[in-house]
Structures are given as structure tokens and as C-alpha cells.
Amino acid sequence: MSNQIARTGDSSTHARRLTTLEGLLAIQSTEVRSALDQATDLVATMLGADKVDVFLYDANSDTLVALGTSNTPMGRQQQALGLDRLPLSNGGKTVEVFQTGEPFLTGHLEHDPDELPGVKERLGVHSALKVPLDVEGTRRGVVEVDAAQPDQFTEEDLSFLQAVTQWVGLILHRGELVERVTQDVAEQARQRTATELITMLAHDLRAPLVPLQGYLGMLRETAEREGQDQYLQYATRAQRSVTRLERMLRDLLDTTRLEQGIFDLTLEPVNLAALVRDTADLLRSPAATIEVRAPGVLTAVADAARLRQVLENLLSNALRFSPEGMPVIVEVGMEPREDATWAVVTVQDAGPDCPRPAPTALHALPLRWGQQGAWPGAVPGTRDRRGAWRHAHRGLDPRQRRKLPPGAPPRRAAASLTARGLTSASPKAQRALNAGRVKRHSERQVDEWGRRRRAKDGV
Amino acid sequence: MMSRSPPTIVVVDDDPDIVEFLCDYLRGMGFDAVICRPGPQAAACIAQHVPSLVILDVEMGDTTGIDLFHALRADSVPRQVPVIFFTGTPDRLQQQLPHYHTLGAVLVVKPDIAGLAARIHDVVHQ
């Protein structure tokens, strides 16, 4: 008889466990918290527990946080007491299980000196099961079952909870994957929207500049042809303002792209020395002397248009604050560093000292970093399939201008461009040449590099 | 003695101010400037005038410059008319038609008038 009762009792327990497992399998929710809440409710019912928790470790606060708690009176009381957050530094049995990975079973938690007083006395927990929760081989937290009744749980219950905890781990992993994918999709959609917006902004803002710049140019030509100096002067000054407006618009669009995280660089072989000379030629005038100290050819991988943009800004600033008669000096050279050999462009002016501000959003361009290696023909000692360059810009805010002591030596503007890395994108280089971004006299060098690279790659 | 008629350049852009300026500018350079409105009839309009060059915007509402470019290239005209994409959205062109430069087209970004003039000179005098 007693055996029959025992077997019936066992059968009933097995049936309940099976039902619980079926319930866990049926959890559809891909939102982590909701899934864990459902799981803890099922387990609480199955084990006759007063509270079931899934504590997850939060590295930011070094705390175990109850992400899923059964909807029971003790569960709600735990939250009210603040015992749903267990800092590791405070210790306790739950923290111990998390740190050691050893499951725990007791029917008399009140006698355990290592448990937190709040759990024993204020929550009134006497029976406890605690099992470490691992996800994909990483310790993520603890699943805990508590009851006010002493001796509520058995070794079989502990084994069952261990099996359930593995399933909880799967639910957690699935939920986190779904959340990540959802976030990625949302981020891609946001970027697409931002790109679309900026594209339309660029289109709409640039359009009026076409007739403005165009007609001013025609007026200038007419005035020049007809010897109307006054009108020529007016048209030239107006054109200069429109050019400034164009530059501001371009910077505004670039800054917006940077802020939206959709700023791209087109990396290709560039004769850095030629680019610097070209830029200096554009800005040089009888009143504004720029001295370039550079080798004939120094090829590096960079975004030529962006590089020119940054150089124009640097040189314009340097010229603005350089005393009359003092040249702005631009040096182009190479610098061996720990990671690779870098090409370095340095702009020096003799202007007043300025504090080092934070780089502007446009000029601080942390770029993609590629793999290290050897790359012949360009910047020695580098082989980056993606390429990288960085720029530190010393802003020249006139409000911070200070007088330079008489006789002081020229100060070095803390502005340097470094470029390294490479791509084997010869078609890109060709497009750059077609677009006139790289001067003709560098074509031979770029083509030679491309031929050597293709030979090496077996293309 | 018969004088040689100036080369014809077709302008396709949905911005009336830009179209007006380009026509004035091109005529000032000695070309015969013709306007073709963007839309389904643009390709036929271009073919009708047999231009030496087409200056094409990209963002033109329902029919983009890229669509029109494909239509031009699909025509069974023996000669591929050179095209200058004159656009404020170069990114769009580079994304959707990255190999435009191999298809007889070049890109000038608005409002680079000097660049446009240089390209027109290159194309018409080559």
C-alpha cells in the first residue's frame, strides 16, 4: 500500500515536472524579461515555492540583478526590500553560488551564517535551491528557488532545477539574440533614414548655389572683358562669399554625417607630397607665404578629397594668424612608430600660442584600422587592407589669442596629419586621377604602384 | 560659305533656376543649349536633338538621372552620347552607378561651375 502511494506520489511529481517542461518549451516570448517571468512562474508552481528568481550579473554595477521573478507575495516583498539587487561585495549564498559555480540546497537557511540577514529574517526564507546559470559557457547568473517552509525541497528538486536552468539559459540566449538583431535592424533603418535626409539636404542646399556662383562668374568675366574694374571687384568679392558659403555647407553636411555615424572615406593611393603642394599653391599669395618641405613623391593611402579639405582648413587657419612676412611651413615626411611607419604632414606657423582645444567633429576622424604587414612601394612597413589615417587639429580660436613675446621663436602648430596603410584599389586611384584629385605628375608613380601590387597579388 | 552650327548640349534638370543658368552659360560659351524635361519623354527628346553632350542631374523626382542614363545607353543609337552628371548628391550616383565612368559619363558636383566648364571642354573638344 505504502509502495503504491509512493509510486502514485512519484507519478504525480513526474507528471508535474513533465508539464512544467512542456510549459517551458512553449514559451514563445522573445523579449527576455517576459520569457523569464513566465519561466519562474512555471517553476514556482511546480515546486510549490514562495519565490523563484533568475538573477543575472550586471558587470557595470558588479551586482546580481533579479531579471525574472515569480509573481508571488514573497517575490513582491523581495522587490520592496531591495533584495532584488545583490552587490557581489555584500556576499550571501546567491553570490557564493555565482562565484563558485556550486549548486546549493538547504532546508534551514536560517542557520546558515553566510546568508544575508535580510533574506533570512525579513523575507523569511527557510528552504532554498540555488543553481548557477551558464549561457554559451559563460557564467551569467543564478536561478534561485525559495520557500518559507523548512525542508521544502529535495535532491531530486535540485536535479530538476539544474535541468530547468539549462533551459532558462537557452531562453535567455534566444531572447538576447533577438534583441540584438532588432537593435541592429533599427540602427540600419536609422542610418538609412539619416543618409536619405542628408542626401536630400545636400541636394536642396547645393542647388541655389549653382545659379548664384554661375551668374557671378559670368558677371566677373563680362566686367573683366569690358574693363569695368569696379564691377569686377564687386563680383569677385561676392564670389568669394559664395565660396565660403559652399565650404560651410560642405562642413555642415560632413559634420551631420559624422554625428549620424554615416561618414565614409574613400581610401586610395595618394601622392601626399603633390597633394600638399597643390593645396599650398591654391592658398598661396604675395601676402600669404607657404613654404612646402616635401620629397618629390610620397605615396600613402588616404581619402584625397578629405585630406585636401583638412589641409585647406589647417593652412587657412595658419595663414590667418601668422604675422606678416612670416611663412607658414608645411613639412611632409615619414615617421617610424611602434605599429608601422607613418607619413606625417606638419603645419607650422609663427602665430600666437593657443591652448589645445578638443578636435572639431570634422577633424577628429578615428578611422578603420587594418592588419599589420609589409607593403612595398608606398609607406614602408605597412599593409592595411582597409587603411587608416588620423588627424589631430589645433583649433585657432581668436578669442583665445595671446600676444607672442618679442623675439620668440616661431611656434609649431600642433597640427599633424598621419597617413598609413594601403589598399590595392587601382581602379579607385584611376577615378581619383580622372576627377583631378591627384596631380598628373603622380600618375606614373600610382600606376607603377598599382602594377607592382597587382603582380604581387597575382591579378 | 556655310558656317558650322555650334554643338548641341542637352540639359536635363528639374530645377528651373539651374536650367535657366545652364542655358545662359552654355550659350555664352558658344553652344546650342536645349532643355529636355525630366520624365518618361526625356530619352526621346535627347535622341531627337542628337546632342554632342548631355548634362544630367541625378535627383529629379520620379525619374532619376540614373534611370534616364540607363535608357540612353539602352537606345540602339550607334554613338553613345557623352554624359556629365551634374549633381548635388554624388553619393547617390556612386552607390547606384559605381561604374559610371566606364560607361562614358563623368561626375561634377554642384555647384562646381569651373569643374563643369572644364569637363564640357574635355568632352566637346576630344
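A polar contact here is a pair of N or O atoms within 3.5 Å; within protein, one must be able to donate a hydrogen and the other to accept it, and residues adjacent in sequence count only if both atoms are side-chain atoms. Six residue pairs, both at pLDDT 80 or more, are in polar contact between chain B and chain A.

Keep in mind that this is a predicted model, where local features need pLDDT of at least 70, side-chain atom pairs count only at pLDDT 80 or more, and totals for chains, interfaces and linings use all residues. Residues are numbered from 1 along each chain as its sequence is written, chains are lettered from A in the order in which they are written, and side-chain values use heavy atoms, with hydrogens and water left out.

Next, colour helices H1 (16-28), H4 (90-96) and H5 (113-124) of chain B, the elements giving two or more residues to the side that touches chain A (helices are DSSP runs of H or I, at least four residues, numbered from the N terminus). H1(B) has the largest share, six residues.

Now move to A:Val145. Leaving aside neighbours within four places in sequence, its contacts (heavy atoms within 4.5 Å) include A:Val43, A:Leu47, A:Phe153 and A:Leu161.
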